[in-house]
Amino acid sequence: MNETIFLLLLFGLPAALGVKLARSRGKNPFIWGIISGVFPFFLLVLHFHRPDKEITGHFRKCPLCNRTFPWKDSACKYCSTPESGSSAI
Ligand SMILES: [Zn+2]
C-alpha cells in the first residue's frame with residue numbers, strides 16, 4: 001500500500017505537472033505526461049519552451065514580431081508592442 005502511494009507520487013506528480021505544462025503550451029498532454037513521469041527533467045524543457053502559436057489564456061502572439069509571450073503580460077517583451085487585441089489591424 002505504501003509502495004503504491006510512493007510510486008504514485010514519484011511518477012504521478014511529475015506526470016501531472018507535465019500534463020498541465022503541455023496543455024498551456026499547446027503540446028500533446030498525454031505524450032508529455034508520460035515523458036515527464038519517466039524523465040522529470042523534461043518538465044524543465046516544457047517550462048522553458050515557448051509555443052509558436054497563440055494559446056488562449058496562456059500565451060499571446062505578437063502581431064509585429066510574431067513571437068509569443070505570457071498571456072498576463074500587457075506588452076510584447078521582445079519589441080514592446082502593446083497587446084491591443086481588438087484594435088489590431
Ligand atoms: Zn513583438
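**Entry 1: the model**
I kept in mind that this is a predicted model.

**Entry 2: α1 and α2**
I started with α1 and α2, whose axes cross at roughly 145° and come within 7 Å. The handedness I noted for this crossing is right-handed. On the α1 side I listed Phe-11, Gly-12, Pro-14, Ala-15, Leu-17, Gly-18, Val-19, Ala-22 and Arg-23. They meet Pro-29, Trp-32, Gly-33, Ile-34, Ile-35, Ser-36 and Gly-37 in α2. Sorted by class, the α1–α2 contact holds 10 nonpolar residues, five polar and one charged.

**Entry 3: α1 and α3**
Next I took helix α1 (residues 2–24) with helix α3 (residues 41–48). Their axes are 10 Å apart, and the packing angle is about 15°. An angle under 35 degrees counts as roughly parallel, so I put α1 down as roughly parallel to α3. Here α1 passes α3 in a left-handed crossing. From α1, the contact uses Pro-14, Leu-17, Gly-18, Leu-21 and Ala-22. From α3, I wrote down Phe-42, Leu-43, Leu-46 and His-47. The class count for α1 with α3 is seven nonpolar and two polar residues, with no charged ones.

**Entry 4: the core**
Which residues make up the largest nonpolar core? I found seven: Ala-15, Val-19, Leu-21, Ala-22, Trp-32, Ile-35 and Leu-43. Two or more of these residues come from each of α1 and α2 (29–38). The most come from α1, which gives four.

I then followed Leu-43 on its own. Leaving out residues up to four places away in sequence, Leu-43 touches Pro-14, Leu-17, Gly-18, Leu-21 and Ser-36.

**Entry 5: inside α2**
I checked which α2 residues are buried and got Trp-32, Gly-33, Ile-35, Ser-36 and Gly-37. What do the buried residues of α2 pack against? They pack against α1 and α3.

**Entry 6: Phe-42**
Phe-42 lies in helix α3. Is Phe-42 buried or partly exposed? I counted 19 other C-beta atoms within 10 Å of Phe-42. A residue needs 20 or more to be buried, so Phe-42 goes down as partly exposed. Past the residues up to four places away in sequence, Phe-42 touches Gly-18, Ile-35 and Ser-36. I also looked up Phe-42 against Pro-14: they are 28 residues apart in sequence, and their C-alpha atoms are 9.3 Å apart in space.

**Entry 7: positive phi**
Last, I went through the backbone angles. Most residues other than glycine have a negative phi. Asn-66 is not a glycine, yet its phi is positive, about 65°. I placed Asn-66 in the loop between β1 (59–61) and β2 (68–70). Asn-66 has 11 other C-beta atoms within 10 Å. The cut-off for exposed is 12 or fewer, so I marked Asn-66 as exposed.

Ser-80 also has a positive phi, near 65°, and is a residue other than glycine. Where is Ser-80? I found Ser-80 in the segment after β2. Ser-80 counts as exposed because it has 10 C-beta neighbours inside 10 Å.

Note on methods. Residues numbered from 1 in each chain as written. Predicted model: local features only at pLDDT ≥ 70, side-chain atom pairs only at ≥ 80, totals over all residues. Axes fitted to C-alpha atoms, helices over the stretch in contact; angles between N-to-C directions. Parallel < 35°, antiparallel > 145°, perpendicular 65-115°, else oblique. Left-handed = near helix turned anticlockwise from the far one by under 90°. Contact = placed C-beta atoms within 7 Å. Nonpolar A, V, L, I, M, F, W, Y, C, P; charged D, E, K, R; others polar. Core = buried A, V, L, I, M, F, W, Y, C linked by C-beta atoms within 7 Å.
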